[in-house]
Amino acid sequence: MKQKEVLDLMKSGQNIFLTGQAGSGKTYLINEFVRYLKKNNIAVAVTASTGIAATHLGGTTIHSWSGIGIKKEVNSRDITKLNSNSSVRDRINTPKVLIIDEISMFHSYRLDAVSEICKAIRVNPQPFGGLQVILCGDFFQLPPIADVGYDGQNYAYKAYSWEELNLKICYLDEQHRQWDESYLKVLNDIRSREVNENTYETLSSRMNQPVKKSVYPTKLYTHNADVDAVNNFELGKIDKPNFVYQMHATGKKERVATLKKGCLAPETLTLKEGAQVMFVKNSHGKGYINGTLGTVIGFDQEKYPIVKTTKGAKIVAKPTSWTIEENDIELAQISQIPLRLAWAITVHKSQGMSLDTAEIDLSKSFAYGMGYVALSRLRSLDGLRLLGINQMALEVDREVTEKDIYFKTLSRQATQELNSLTAKELKDEQNNYLKVMN
């Protein structure tokens, strides 16, 4: 399905599951829809299953928004308590649209719990209390944390509320990150569970091979300890003065904590001339996106770092902010230089990024999708230096592969149904949507 077709369905009021391979433009499309809603004064709750994904969208976690926190299930007492909380009540009653990104990492029972909370607080027996719901994600990426004693993963599509929503499945088939056909073949082999000798040969050709870029490539590791060790070691090797930047925050303590947890910029950022850095926020107007690599080449008169990117652009990295908003009201904000040391980063924190070059160590991979997430950050094979790999690295859940085939079928059906409408019929549906929502 094309991006315009997905937007047409969203603007018609359909409940949507937006999916597609890494780099197909899911986050871009969600941001486009949010802009459309705000332009038309339609209140929207933008959430995600993780803090990192939420910061990419300027939203909050679904756990925080719904009040569910770390609970797996909610009972009548829990809902009564939430209903007595004016903040939770306002959060859930105000929007007309609920967006949940990175749905692949959200357990089915929590999705059901959020729906029950919305039904009760909105006093509406429809799924999620009658909200238009947009779920977004790719089940080939990192799965929910496995439950003790549960055989398999509790994927969100197993939720009762998933069926209740009668979702239109929108499977994006465009590719905006990878252009290298041989590399796309590797990624598609992983998704289809058709990894073979040719797949390994292609990847092996990049084992310990240098990348032809002017900046030392970011290392991706599966564990935090490896990342911290590399970054601290490399920074310590530079015999230059330290420039230290502290994060500033406003808002309630718990919301600030949510922002800090999801933000890739550290609370204390120490830089030196010559430091390898990565931008951790999108700002197309200023010439960088989340994942843009560069080197600190100096500091301006205000002592802000000057970064030379891999493409040769020189950017002064000034403080920017991450916020949590509800109905255009800012609830919390953190401000920091949008950089982090980038000799190394975890695979988990790399989700959503696009990288020109990377050194990837998959020798300690321990979860389905870990290798796919890491490898799919790159635009091409020649940007990869593979440091290690184990058997688990290229594994994806067989159940997800089978479900993916089903999703593609449903997406084709949704496309056919959409294209069967005349231009006038579609416009009438979208105009009616705006009337109902306002």
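Predicted model: local features only at pLDDT ≥ 70, side-chain atom pairs only at ≥ 80, totals over all residues.
A contact, in this presentation, means heavy atoms within 4.5 Å. Among contacts in the protein chain between residues at least 6 apart in sequence, 74% join residues at least 24 apart.

Residues are numbered from 1 along each chain as its sequence is written, and side-chain values use heavy atoms, with hydrogens and water left out.

I turn to the whole chain. The protein chain has 16 helices and 20 strands; these are DSSP runs, with helices (H or I) of at least four residues and strands (E) of at least two, numbered from the N terminus. Its radius of gyration is 22 Å, close to the 22 Å that the globule rule gives for 438 residues, so the chain is as compact as a globular protein of that length. That radius is taken over C-alpha atoms, and the rule is 2.2 Å times the number of residues to the power 0.38. The C-alpha atoms fill a box of roughly 65 × 50 × 50 Å, taken along the principal axes.

How much of the chain is buried? Buried residues make up 55% of the 438 residues, where buried means under 20% relative accessible area, exposed over 50%, and partly exposed in between (1.4 Å probe, protein chains only).

Thr346 lies in strand E18, residues 344-346. Thr346 counts as buried because its relative accessibility is 5%. Leaving aside residues up to four places away in sequence, Thr346 touches Leu220, Tyr221, His223, Asn224 and Val227.
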